[in-house]
Amino acid sequence: MESKSSSSPSDGCSVDHIVLLKVKPDATEAEIQNLIDGAKSLVEVPGVISVSVGPTFVEEWMSDRRGGITHGISVRLQSKEALRSYQDHPLHVSVRDGIFKPLLTEAPIAVDWEL
């Protein structure tokens, strides 16, 4: 499930921002869909190249190494500067605080790296 903006990366390194979520077990399908839709809307933030979001999974041939993580979000941004602006952008703050946080059992894990 990926959403892309029409902008392209600027000169320099783009950045991947990965967020791992532990959604409450009693979250409804509607709440989870709202989480997914909210994450996808983040592609509208200036500097965001693409957003991918979805539930984690384990196949029968795999060991379950998720550690309770139920969903992942990947946000590709144009630069470190774009990541800095993204953190305080009103849409990101609204989605993070209004949609994500109420559904989580604990604080998300987030990591970033340059490509």
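Reader: Is R66 buried or exposed, or in between?

Author: Buried means under 20% relative accessible area, exposed over 50%, and partly exposed in between (1.4 Å probe, protein chains only). R66 has a relative accessible area of 30%, so R66 is partly exposed. This is a predicted model, where local features need pLDDT of at least 70, side-chain atom pairs count only at pLDDT 80 or more, and totals for chains, interfaces and linings use all residues. Residues are numbered from 1 along each chain as its sequence is written, and side-chain values use heavy atoms, with hydrogens and water left out.

Reader: Which side chain meets R66 in a salt bridge?

Author: Side chains of opposite charge can pair when their charged atoms come close. A salt bridge is a side-chain nitrogen of Lys or Arg within 4 Å of a carboxyl oxygen of Asp or Glu. The partner of R66 is D64, at 2.9 Å from N to O. D64 counts as exposed because its relative accessibility is 51%.

Reader: How many salt bridges are there by this rule?

Author: The count is six. One of them joins D97 and K101, at 3.2 Å from N to O.

Reader: Where do D97 and K101 lie?

Author: Helices (H or I, at least four residues) and strands (E, at least two) are DSSP runs, numbered from the N terminus. Both residues lie in helix 3, four residues apart, about one turn of the helix. Salt bridges with shared partners join R96, D97 and K101 into one network.

Reader: What is the mean pLDDT of the protein chain?

Author: pLDDT is the predictor's confidence in each residue, from 0 to 100. The mean for the protein chain is 93, and 90% of its residues reach 70 or more.
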